[in-house]
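Me: I would like to learn how to read the features of a model like this one, feature by feature. Could you take me through them, giving the general idea before the case at hand?

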Amino acid sequence: MKNLIRRLYKDSPILFSGLILILLLRTSLPYLTFSGTDLEGLSIKYLYLHNSIDIYDLKKYVTSLPYFPYSLNIYLIAGKVADEININYVFVLKYLALIFELLVAGLIIAFYQKRNFDLKSQIIILSVFLINPLTTYITSFFGFFETLWIFFLLLSVYLFEFEDKKKKN
C-alpha cells in the first residue's frame, strides 16, 4: 500500500492532491447539519429501542422503520456507541455510512485492479465515485446507510467473480 501511494504521488501529484482533498471533504461534511432530518427522529426511536419498547406497535405515534435485515440492531449499536463516546447519535450514523462508502470505494478499486487498469484510471474512477454529489448528500447530510447493504452485495459479487477456480471441486 505504501508503494502504491508513493507511486501515485510521484507519477501524478495533482491526482494525489485531489484525492486527498476529496477524502478530507468527505470526512468533514457529516458535521454540517442544515435542518432536522429523519435521523433526528431516529434518535427518539433509539430511546424506544434502548428501553425495549417495540416501535412497530406504535404506528400511530411513530413512523415505522424499514424492515431491512438487522436495521434495528444497527440503530441500537450506533446508539450505544454514541452513548459510550458521548457524541451525537446522528454523527455515529453518518460516519457509519461514510465508512461503508469508503469500503465500497475500496471494492471498486479492487475490481479495477483485477481488470488491470492503470493507476491513473483507477484514481480518476475513485475520485468520480467519491465526489458524486448524490452519494455525498445521502451519506454525509442524511446519514442513510444503504452503502452498508451495497458493500456486502459488491463483496459477494467480487468474491464470486474473482474466486480462484482451482479451489473448486
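Me: Leaving aside its neighbours within four places in sequence, which residues is threonine 136 in contact with?

Reply: Before the answer, a word on the source: this is a predicted model, in which local features need pLDDT of at least 70 and side-chain atom pairs count only at pLDDT 80 or more, while totals for chains, interfaces and linings use all residues. Residues are numbered from 1 along each chain as its sequence is written, and side-chain values use heavy atoms, with hydrogens and water left out. Contact means heavy atoms within 4.5 Å, and with neighbours within four places in sequence set aside, threonine 136 is in contact with Arg26, Leu29, Leu130, Ile131 and Phe141.

Me: Which residues of helix H7 are buried, and what covers them?

Reply: Helix H7 spans residues 133-142, and its buried residues are Thr136, Thr139, Ser140 and Phe141. An α-helix has 3.6 residues a turn, so residues three or four places apart point the same way. The cover over the buried residues of H7 includes H2, H5, H6 and H8. Threonine 139 is buried because its relative accessible area is 3%, and, apart from neighbours within four places in sequence, it is in contact with Arg26, Lys94, Ala97, Glu101, Phe144 and Thr147. The C-alpha atoms of threonine 139 and glutamate 101 are separated by 8.0 Å, although the two residues are 38 residues apart along the chain.

Me: How do I read a salt bridge, and how many does a search of the whole structure find?

Reply: Side chains of opposite charge can pair when their charged atoms come close. The criterion used here is a side-chain nitrogen of Lys or Arg within 4 Å of a carboxyl oxygen of Asp or Glu, and the search finds 2 such salt bridges. In one of them, the side chains of glutamate 101 and arginine 26 meet at 3.0 Å, N to O, and this pair links distant parts of the chain, with glutamate 101 in helix H5 and arginine 26 in helix H2, 75 residues apart. Both glutamate 101 and arginine 26 are buried. Glutamate 161 forms a salt bridge with arginine 115, their closest N and O atoms being 3.3 Å apart, and here helix H8 is linked to the loop between H5 and H6 across 46 residues. Glutamate 161 counts as partly exposed because its relative accessibility is 38%.

Me: Which members of the largest nonpolar core touch the most other members?

Reply: A nonpolar core is a set of buried Ala, Val, Leu, Ile, Met, Phe, Trp, Tyr and Cys residues joined through side-chain atoms within 4.5 Å. The largest one has 20 residues, and Tyr75, Tyr89, Leu93 and Phe145 touch the most other members. Helices H3 (38-50), H4 (71-85), H5 (89-114) and H8 (146-161) each supply at least two residues of this core, with the largest share, 10 residues, coming from H5. A second, separate core of 11 residues includes Leu8, Leu15, Leu19 and Leu126.

Me: How many helices and strands are there in the protein, and what share of its residues is buried?

Reply: There are 8 helices and 0 strands, and buried residues make up 34% of the 169 residues. Among contacts between residues at least 6 apart in sequence, 70% join residues at least 24 apart.

Definitions and conventions: Buried < 20%, exposed > 50% of the residue type's maximum accessible area, 1.4 Å probe, protein only. Helix = DSSP H or I, 4+ residues; strand = E, 2+ residues; numbered from the N terminus.
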